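Biologist: Hi! Could you show me the model and walk me through it?

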Amino acid sequence: MPGLRLEVFDSSLAADGTPQPLVETSVLEEAKIASFEQGYSAGWEDAATAQQDDQGRIRADLARNLQSLAFTFQDARSHVLEAIRPLIVEMTNHLLPEIAREALAPTVLEALMPMADRMADAPLTLVLNPAVRDRVEGLVAQATGLPVLVEEEPSLGEGQVYIRFGPTETKVDLTQVTADITAAVRAFFDLTNKESSHG
């Protein structure tokens with residue numbers, strides 16, 4: 001029995017009777033290369049899109065976490081400031097004036113010394129509140145050796161002293177400095193409360 005012959009559809013017969021493919025090998029190779037390049041490009045685009053999606057998700061997560069941390073920090077800061085507010089206000093109301101009283105005589109002396117060097121022959125007059133007279137007058141007389149004329153002025157605060165040396169007058173005003181510091185502390189806490197209430 002003769003062997004079974006199947007008909008070949010993808011080739012044609014050459015003149016010598018050998019089967020020839022219907023599609024040339026070079027065209028088939030080009031089609032394979034084109035298919036490969038198309039698949040490679042599609043894979044590359046998919047990978048790039050996936051990477052961009054991942055980066056977008058990571059950025060969004062990071063932004064949410066940073067925002068959460070910012071709120072947590074602001075809450076913690078507000079609670080700490082609110083907790084120390086009474087202490088700071090009490091210090092500025094009571095401790096700061098006492099420190100100013102203790103620093104008044106040395107501050108007057110510090111303001112006086114440059115003038116004393118320039119005007120050694122001029123009379124020295126201190127205008128001050130009677131409550132601080134002994135402390136200021138004693139330190140100035142002891143440190144400078146100059147005769148000191150003291151004028152008491154009850155309307156001046158205990159932290160205020162006018163120093164007159166001839167035609168020159170200088171004002172030492174620790175009362176105002178204390179008031180400015182107290183106002184600055186209160187303004188800081190008021191601003192902090194407003195910021196925390198408005199987010």
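Modeller: Happy to. One term before we start: two strands pair if DSSP finds at least two bridges between them. Helices (H or I, at least four residues) and strands (E, at least two) are DSSP runs, numbered from the N terminus. This is a predicted model, where local features need pLDDT of at least 70 and side-chain atom pairs count only at pLDDT 80 or more, while totals for chains, interfaces and linings use all residues. Residues are numbered from 1 along each chain as its sequence is written, and side-chain values use heavy atoms, with hydrogens and water left out.

Biologist: Great. Which residue in β4 does L126 stand opposite?

Modeller: That is V150. β3 runs parallel to β4 (residues 148–152), and five bridges join the two.

Biologist: And is β3 enclosed or open, and why?

Modeller: β3 is largely enclosed by the rest of the structure, because five of its five residues are buried. Buried means under 20% relative accessible area, exposed over 50%, and partly exposed in between (1.4 Å probe, protein chains only). L124, L126 and L128 lie on one side of β3, with T125 and V127 on the other.

Biologist: Which residues touch the most other members of the largest nonpolar core?

Modeller: L104, V108, L126, V136 and I163, out of 19 residues in that core. A nonpolar core is a set of buried Ala, Val, Leu, Ile, Met, Phe, Trp, Tyr and Cys residues joined through side-chain atoms within 4.5 Å. Two or more residues each come from α1 (25–118), β3 (124–128), α2 (133–144) and β5 (160–165). α1 gives the largest share, six residues.

Biologist: Going back to I163, what is its bridge partner in β6?

Modeller: T170. β5 and β6 (residues 168–173) are antiparallel, with six bridges. They form a hairpin with two residues between them, and G166 in the turn has a positive phi of about 65 degrees.

Biologist: New topic: T178, buried or exposed?

Modeller: T178 is buried, at 12% relative accessible area. This residue sits in helix α3 (residues 174–198). Not counting residues up to four places away in sequence, T178 touches L96, P97 and A100.

Biologist: Last one: how accessible is M91?

Modeller: M91, in helix α1, has 37% relative accessibility, so this residue counts as partly exposed.

Technical notes
Contact means heavy atoms within 4.5 Å.
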